[in-house]
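Let's take a walk through this model together. Please have the sequence and the 3D view open side by side as you read.

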Amino acid sequence: MRIVIAGGHGQIALRLERLLAARGDEVAGIIRKAEQADDLRQAGAEPVVLDLESASVDEVAEHLRGADAAVFAAGAGPGSGAARKDTVDKAAAVLFADAAVKAGVRRFVIVSSMGADAEHRGDEIFDVYLRAKGEADAYVRGLDALDWTILRPGQLTDDAGTGLVRLEAHTGRGPIPRDDVAAVLAELVDTPATAGLTLELISGPAPVSVAVKSVAGN
């Protein structure tokens with residue numbers, strides 16, 4: 001498969017790139033800064049320098065053409081203000097989805113957040129973030145041209161992955177190592193029967209492949 005990842009230098013994305021490259025997939029990661037390119041090459045991914053906050057749909061679609069799947073794993077990051085929650089967590093996700101449609105890439109996986117909700121109330125930065133993520137999710141759900149899956153991880157940690165997760169429509173809150181989020185994304189990309197599902201993810205009792213198979217087609 002050829003898989004294009006938005007936010008290619010993110011902590012989850014770099015882990016995902018290593019997993020996909022190791023299993024023989026062709027991976028491209030969209031990054032904003034040229035100096036991040038070597039990190040992607042070391043992970044086995046082709047770096048694509050493109051700013052999703054200023055690129056056009058046509059520009060992004062050019063890099064998606066011929067891909068088998070697209071993964072949106074970009075984020076403004078914890079140090080960013082409310083404005084970039086809107087331009088990255090919402091607008092860049094919408095742009096990437098529109099570009100996937102234009103390029104004819106049906107399989108689309110978006111990394112969201114537990115608690116994401118377009119109707120979320122509040123004016124704190126985290127409130128704005130959850131609203132932006134929720135609005136992006138709602139937009140993607142409305143695109144019939146995409147076989148989308150929305151993944152909403154719980155509290156992200158840098159603990160070593162265990163390979164054991166709980167993946168359901170509603171899991172309740174809990175932690176999840178970034179290693180395991182990447183492992184679940186790798187399985188989801190390869191499991192189109194999960195299209196149309198919004199899934200929450202925390203650490204749990206089931207091996208990743210078993211957890212993904214158990215929700216596929218539900």
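G29 counts as buried, because its relative accessibility is 0%; buried means under 20% relative accessible area, exposed over 50% and partly exposed in between, with a 1.4 Å probe and protein chains only. Before we go on, note that this is a predicted model, in which local features need pLDDT of at least 70 and side-chain atom pairs count only at pLDDT 80 or more, while totals for chains, interfaces and linings use all residues. Residues are numbered from 1 along each chain as its sequence is written, and side-chain values use heavy atoms, with hydrogens and water left out.

G29 sits in strand β2; strands (E, at least two residues) and helices (H or I, at least four) are DSSP runs numbered from the N terminus. Leaving aside residues up to four places away in sequence, G29 touches I5, G8, E17, L40, E46, P47 and V48, where contact means heavy atoms within 4.5 Å.

Now step back to the sheet. Nine strands make an open sheet with mixed pairing, in the order β3-β2-β1-β4-β5-β6-β10-β8-β11; two strands pair if DSSP finds at least two bridges between them. Its edge strands are β3 (46-49) and β11 (206-207), each of which pairs on one side only. Strands β4 (residues 69-72) and β5 (residues 107-111) run parallel, paired over four bridges, and V71 stands opposite V109 in β5.

Next, look at R2 in strand β1 (residues 2-6). R2 counts as buried because its relative accessibility is 15%. The R2 side chain makes polar contacts with the side chains of E26, at 2.6 Å, and E46, at 3.3 Å; such a contact is a pair of N or O atoms within 3.5 Å, where within protein one must be able to donate a hydrogen and the other to accept it, and residues adjacent in sequence count only if both atoms are side-chain atoms.

Where does the largest pocket have its centre? A73, A74, G75, A76 and G77 lie nearest to it, among 42 lining residues. A pocket is an open set of points on a 1 Å grid over the protein atoms alone, where a 1.4 Å probe fits, with protein on both sides within 12 Å along at least five of seven lines; lining residues have an atom within 4 Å of a point. At least two lining residues come from each of α1 (11-22), β2 (26-31), α4 (82-103), α5 (125-141) and β7 (155-157).
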